[in-house]
Amino acid sequence: MPTHDVSPSLLPLSSDIEAARDRIGAAVRRTPVIDVMGMPGVGARVLLKLELLQHTGSFKVRGALNSILSLSGSTDGVCAASGGNHAAAVAWAARRAGLTADLFVPVNATPAKLARIVEYGGRVHLVEGFVKGALEECRAFAERYGVPQLHPYDTLETVAGAGTVGLEIAEQAPDASVVVLGCGGGGLYAGTATALEPRNVSVQPVEPEMCQALAQALAAGGPVEVAVGGSAGDSLGAPRVGDIGYAVAAAHAVTPLVVTEAEIAEARHLLWSQLRVLAEPGACVALAAVAGGQVAVPEGGALVVVVSGGNNDTLP
């Protein structure tokens, strides 16, 4: 594996996460952590952090609101691009701040995510292709109209907001030794790992087999363009891992786990059949790795799985 040269300026600080928590305050929900009793094949206490119960149905509202509240100067509106969850979160946060929001999403975005955006007053721009095309169209729009673009995973504000998930986990599950979460662009991973580093809690990213932006970046020695697809592509299909996510992963010498389409579907079914938790496929990749026995937990420690979103249209 190549040697990773990481600029310290790309690494968020725990103080950035704490500042984000103070900034977004009680505007976001403190989502529950529930204990899963007796998960077959897992020799550890397993807890689920239910971020799908967050405003807009995903953790993304944390970074979106922190980004909007961190804007410098005056503006009447913002724009953003994503597979759907970040766009819905920006629409919600913008409406709360009295701003307009132009959101760029792929034409194949799930109807549930499109409905969320419209519900919060966002102006939807459908783009052919995947998230890469939406990001390019959004960037052009921002330059044309002088509107701030809120990146879905690769700014300090987005990462710090997402990291407030980690601060809550530290308070709600003080015996946690490992946190497992899905990784697309790396914002949730980078923020959570930074928040929990002072507490000696390891954070394990998991990627779908058809969306391996972090794994390919680590192999190449830096972020690279990747192909995306599969059932989790609408939420974890980043065209390249973020510079911040890559920097944190490289600094922590982490190796992402990989799960198959079948394992994702099985984990989604498990959440619904056993707990009546209806998560979207991308939110099930972490549990898929745990259920598949890929995650080792020290004896006596608890394992926390982040269920990151629930904007889907069909039962598993």
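Start at I34: its bridge partner in β2 is L48. The model is predicted; local features need pLDDT of at least 70, side-chain atom pairs count only at pLDDT 80 or more, and totals for chains, interfaces and linings use all residues. Numbering runs from 1 along each chain as its sequence is written, and side-chain values use heavy atoms, without hydrogens or water.

Next, select 33–36 and 45–50. Strands here are DSSP E runs of at least two residues, helices H or I runs of at least four, numbered from the N terminus. Pairing requires at least two DSSP bridges.

Widen to the sheet. It is open and mixed, with six strands in the order β1-β2-β9-β6-β7-β8. On average, neighbouring strands are turned by 30° against each other, direction ignored.

Now pick helix α7, 187–196. It packs on the sheet and touches β6 (176–182), β7 (202–208) and β9 (302–307); contact means heavy atoms within 4.5 Å. The directions of α7 and β6 make about 170°. Axes are fitted to C-alpha atoms, for helices over the stretch in contact, with N-to-C angles from 0 to 180 degrees.

Step past β9 to S308. Buried or exposed? S308 is buried, at 13% relative accessible area. Buried means under 20%, exposed over 50%, partly exposed in between (1.4 Å probe, protein chains only). Not counting residues up to four places away in sequence, S308 touches several residues, including E51, F59, L188 and G282.

Finish at V107, in the loop between β4 (100–106) and α4 (111–119). V107 is partly exposed, at 38%.
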